[in-house]
Amino acid sequence: MKTRLNRHPVRKILAVSISAIGLMAAAPNLMAQTDGPSEEVLNLIRPDSEISFGVLDVSKSSYKFGDYTGMHKKGAHLNGDVRVNMRGEGNANYLEIDATNLGLDSRNFKIKGGEQGNYGLSLEYDEISKLWYDSYQTPYVNPGSTRLDLPAGWVASATTPGMTQLTGNMKSFNIETQRKSVALGLTKLLGGDWDVAVDFKHETKQGNRLLGAVFGNSGGNPRAAVLPEPVDYVTRQFNLSARYTTDKLQFQAGYSASLFDNKKPFLQFQNAYTTIAGWTAGTGFPAYGQIGLPPDNQAHQLSASLGYQLSKATRLAGTFSYSRLTQNDSFLPYTSNPVLVITNPMPRSSLEGKVNNTHLDMKLTSKLSSDWNLVAAYRYDDKANKTPQSLYDYIGGDSTNQNVVANSDRWRTNLPGSSTKQLIEVEAIYRLSAHTKLKFGGEYEWAKKTFEAVSNEKEHTLKAEVHHHFSDTTAGGLSYAWSDRQTSDYLFAAPFAASFAPAYVAAQSWDNNPFQKKFFMAPRTRDKIHAFVNFEPMEKVDVHLGFDFKDDNYTKSYYGLQDARGYGANVDVNIAATDALTAHVYAAADRYTNFERSNRLAAGCGGGKANPTAPGCDWTANLSDHNYLTGLGLRYRPGEKYEIGADYTYSKSIGKTDMWAAAGTTGLLPLPENTNTLNRIDLFGRYALQKNLSLNVKYIYERFQATDWALEGLTPASMANVIGTNQVAPNYSVHALGVSLSYQFK
Amino acid sequence: MQLARHVLAFCAVIGTLAAATPLLAADAAKPASKANLAADPNAKDLILKGDAKCTGCHDEADEPTGAGTMLELNPGVLAIGKTRHGVTADKRTPTCVDCHGESLDHRTHKGSDKPPKVDRSFRPKTTTPADVRDAACMSCHKGGNRMNWPGSQHANGDVSCNACHKVHSKKDLVRDKYAQAEVCYTCHKDQRVEMRKPSHHPVNEGKVVCSACHNLHGSTGPKLLIKNTLNETCYSCHMEKRGPFLWEHPPAADNCANCHVPHGSNNTALLKTRQPYLCEQCHDYTNHPGNVYSGSGLPPNGAAQQMVLRACANCHTQVHGSNHPSGPRFTR
């Protein structure tokens with residue numbers, strides 16, 4: 001992948017900042033010597049620094065193994081880490097440098113300096129590589145560009161099996177993005193209990209990710225290809241805060257800005273399909289379609305926080321903030337295809353999107369007595385979406401002329417939703433005895449929303465918790481929380497009626513099953529249990545046992561998500577056999593299940609819009625994820641001469657999909673399991689060659705095996721209406737061996 | 001120097017060996033009537049102002065024996081000199097007794113048996129109450145991001161500052177990008193499992209830390225998030241999904257967690273459930289949104305375009321919102 005980051009400004013920023021911090025922090029008196037403790041004591045109290053450089057060899061290229069770590073390329077890589085921690089003698093000047101993985105795409109470099117108790121400067125450079133897929137393939141000849149072309153001699157067809165040039169033209173293209181950021185920070189104590197902090201971060205994100213690029217009308221005759229979406233983002237964040245801190249009063253006021261700039265606002269792609277029934281002539285190959293990519297946007301926020309000690313036992317804290325989000329990118333046209341007829345122009349050239357967020361929270365904490373603590377809190381979050389509404393006569397997938405009839409489903413009004421959410425929370429903590437503590441609490445949360453099926457929600461939560469020390473070596477706890485969310489009447493067609501043309505609404509009545517409730521605003525009860533025990537079966541052995549349970553029950557949803565349930569259990573054992581030898585073992589398992597019910601709304605099973613609950617059309621899906629994790633670690637450090645360690649990690653996940661459908665449903669077949677299995681061994685050692693020189697060795701073996709029914713067995717032409725990608729689930733075994741030398745100094 | 005060591009040999013063990021009762025914490029404010037009982041009045045401070053009364057015992061000459069006697073003097077406390085809390089030129093830097101209390105009984109103990117505990121102990125099994133320990137830290141660190149510490153989940157759960165921070169260590173693991181998560185996993189075992197799932201934020205890889213999203217010292221938002229809301233927190237790194245868009249997808253604008261889990265998932269892009277079933281939890285209509293998708297849609301039986309590869313997102317790709325005038329169905 002080509003990186004398009006303009007390197008020169010980054011280099012200048014780095015150079016200038018490092019120089020500035022170095023000059024200011026490593027001021028002439030940084031290392032000024034004064035009479036003081038002996039060398040022996042100085043070794044114990046003076047900060048350590050270390051520089052390490054070496055080689056890391058990776059046995060095999062793998063995106064999954066190198067995801068985020070930068071170890072995805074086969075071969076030897078020079079690598080290094082730097083940790084410098086210098087403090088002035090007799091003064092408060094300091095200089096800290098922390099650099100890791102300097103030879104890899106996951107490198108990080110941070111330098112801080114200043115005078116403690118006066119000012120501080122910092123600079124950080126960071127890279128994060130997200131490696132999505134190294135098995136993706138596409139027939140388009142210029143992946144990564146903003147106008148994707150098909151190869152010369154392309155044979156278009158109404159469906160993929162007829163594209164005779166498809167399979168032979170599939171070429172690999174790695175899908176990855178890389179973030180590179182530079183952050184600057186300044187803190188300054190002003191005196192009089194005031195201090196200020198300023199920071200700025202500039203980040204680029206470049207590369208590609210996948211999107212579905214479609215021609216045709218959703219719900220009727222779409223044709224698609226999965227294509228690389230070019231990513232070329234610049235984000236800038238700025239924060240300024242002034243703080244006043246005394247024993248009794250703490251105050252903070254701040255301003256924050258975050259600016260998002262997408263340098264590639266659209267993707268054009270050639271249509272691989274011939275014009276099919278329902279499309280306007282001339283929209284098939286070699287025409288181009290155009291999809292919009294994320295628009296530029298901004299957010300600015302003013303905030304003020306206050307903490308005040310009302311009395312020795314009672315404190316009040318609160319925050320108020322007001323932020324404005326804006327988005328006003330120029331609209332792309334309804335279609336980029338010049339053969340299509342536009343009768344009704346767009347109502348506006350840009351959105352003029354504006355959202356005002358207001359936040360207020362207050363918290364009162366009081367130690368009522370030596371046994372009782374009380375916390376009461378209130379939170380208010382208002383999202384006022386001021387984006388104007390307009391009526392758009394859209395074109396489906398660059399494939400048809402504009403439909404101007406009154407009852408067309410193409411007339412749509414945007415729905416800028418607003419919401420107000422409030423929460424009151426009370427928690428009482430009672431120390432029943434020196435060994436037992438009880439907690440009781442309750443929450444009441446209510447919300448108002450616009451352009452949704454429900455306009456009001458309210459949720460009550462009750463909580464109870466007990467912690468008890470059974471003995472000097474055994475303690476445990478148990479907590480339970482129950483919640484009940486109720487809503488106003490579920491007006492299933494409200495958003496539909498608000499967005500579509502009246503004539504179309506009158507003819508259709510609704511566009512989603514009236515008996516289905518969308519889970520994020522459906523009535524729900526929730527139960528949560530957490531239990532744990534810590535004990536020491538023998539000296540130098542700690543054991544932790546934990547259990548969690550969570551159940552979301554959507555009791556009033558006839559269709560939709562019915563139940564979401566999770567269990568988790570874990571055990572940890574830590575052993576300190578001797579001062580030199582320690583070990584830890586852990587094992588955990590969890591299981592999450594989603595159960596949903598739906599209806600096919602098909603005439604063949606006796607259903608449809610006239611009978612949306614026809615039993616013959618019912619089906620259910622029970623989706624469960626089972627996860628198992630085991631780890632074992634050993635550390636042996638008999639003295640300063642050497643230390644060694646080892647870790648083993650085993651992780652397995654199994655995704656099951658169990659389907660059921662009413663009798664008479666044809667073609668219902670079971671689905672295979674999706675699995676991910678990880679085995680990883682980490683070995684590491686450090687040997688002191690000399691007083692200040694160490695040899696470090698690390699070894700990693702990782703084996704990962706995955707199965708994914710969404711990818712297996714697919715060819716580029718398996719789906720008649722979507723061009724495939726030849727992707728496969730990751731399977732690899734990788735060895736990585738690193739050898740480095742470390743030099744320690746003070 | 002030898003003389004100094006003998007002098008320092010008396011004060012001992014502050015900050016490390018033992019625990020104290022909450023009432024003793026209050027004793028820290030008492031006049032130091034016996035404070036002049038250090039063995040050698042000529043003792044010199046090693047690091048902090050007035051630390052001679054402590055480092056006389058807790059010096060480099062003695063290694064811990066594990067016997068719990070006067071000989072277990074734990075010179076590791078000197079490592080505070082390597083930290084910001086050891087910079088005496090900063091007038092804000094505390095002394096030993098600022099954090100541990102005057103601990104007169106501890107300092108004046110005579111004999112070879114285990115001395116009484118210090119007033120305010122931070123050892124792992126201390127009996128000093130969490131709020132008493134926290135008070136030592138909050139006496140300086142009370143503003144800024146810690147303004148919401150009192151009454152926060154950690155404070156109410158008796159997770160004191162020293163449960164996560166190691167003040168006497170040259171390297172405070174919870175402030176290290178590569179080590180912070182392991183500190184958090186000490187209690188948050190579920191998150192350890194989730195971070196090992198195939199789709200996860202790069203926490204174990206050291207590129208994102210827990211504290212990038214959570215303010216462990218108390219926050220104004222839910223789940224100790226650094227921002228007022230979950231979405232505002234997510235937008236810190238994912239601004240392209242912030243909008244506002246012409247065509248909003250309500251669950252995305254409402255709460256990212258409607259579809260995603262933050263710590264780890266078996267499904268790509270941290271989705272709670274695999275597509276198309278996740279989408280079908282809300283969408284049921286004629287044509288494909290209400291169809292039953294089973295093994296008959298997989299090779300070699302078939303290849304349902306709403307089920308394989310990116311499933312629904314093969315066409316409806318802009319699920320976070322679209323700003324294209326022809327994008328109300330999130331295909332543009």
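I began with Gln268(A), and I found that in this predicted model it stands opposite Gln290(A) in strand E14 of chain A. Strand E13 (residues 266-270) of chain A and E14(A) pair in the antiparallel sense, and I noted five bridges between them. Looking at the sheet around this pair, I saw an open sheet of three strands in chain A with the order E7-E13-E14 and mixed pairing. I marked E7 (147-148) and E14 (288-292) of chain A as its edge strands, since each of them pairs on one side only.

Next I followed the pairing of strands further along chain A. Strand E28 (residues 581-599) of chain A is joined to strand E29 (residues 618-636) of chain A by 19 bridges in the antiparallel sense, and within this pairing Thr582(A) has Arg635(A) in E29(A) as its bridge partner. I then went from E29(A) to strand E30 (residues 642-661) of chain A, where 18 bridges join the two strands, which again run antiparallel. The hairpin from E29(A) to E30(A) passes through five residues, and I wrote down Leu634(A) with its bridge partner Ala646(A) in E30(A) as an example of the pairing.

Which strand pairs with E34(A) over ten bridges? I found that this is strand E1 (residues 49-58) of chain A, in the antiparallel sense, with Ser52(A) opposite Ser742(A) in E34(A). Strand E32 (residues 693-707) of chain A also runs antiparallel to E34(A), with 13 bridges joining them, and here the bridge partner of Tyr701(A) is His735(A) in E34(A).

I then turned to chain B, for which I listed 13 helices and two strands. Of its 332 residues, 58% count as buried. Among the contacts in chain B with a separation of 6 or more, 60% come from residues 24 or more positions apart.

The domain assignment of chain B gives domain 1 (2-107), domain 2 (130-224) and domain 3 (245-332). I noted that the C-alpha centres of domain 2 and domain 3 of chain B lie 35 Å apart, and that the contact takes nine residues from domain 2 and eight residues from domain 3. On the side of domain 2 of chain B that touches domain 3, helix H10 (189-194) and strand E1 (199-200) of chain B are the elements that give two or more residues. The residues of that side divide into two nonpolar, four polar and three charged.

Where the chains meet, I recorded 137 residues of chain A in contact with 94 residues of chain B. How do the residues on the side of chain A divide, and what number is charged? I read 58 nonpolar, 57 polar and 22 charged.

My last entry is on the largest nonpolar core, which has 54 residues, and those with the most contacts inside it include Ala213(A), Val722(A), Val308(B) and Leu309(B). Among the elements that each supply at least two residues of this core are E13, E29 and E30 of chain A and helix H13 (277-280) of chain B, while E10(A) gives the most, with five residues. Not counting residues up to four places away in sequence, I found that Val308(B) touches Ala710(A), Leu714(A) and Met719(A) as well as Gly297(B), Leu298(B) and Ala303(B).

Conventions. Residues numbered from 1 in each chain as written. Chains lettered and ligands numbered in written order. Predicted model: local features only at pLDDT ≥ 70, side-chain atom pairs only at ≥ 80, totals over all residues. Pairing = 2+ DSSP bridges. Helix = DSSP H or I, 4+ residues; strand = E, 2+ residues; numbered from the N terminus. Domains from an automatic or database assignment. Contact = placed C-beta atoms within 7 Å. Nonpolar A, V, L, I, M, F, W, Y, C, P; charged D, E, K, R; others polar. Buried ≥ 20, exposed ≤ 12 C-beta atoms within 10 Å, placed from the backbone. Core = buried A, V, L, I, M, F, W, Y, C linked by C-beta atoms within 7 Å.
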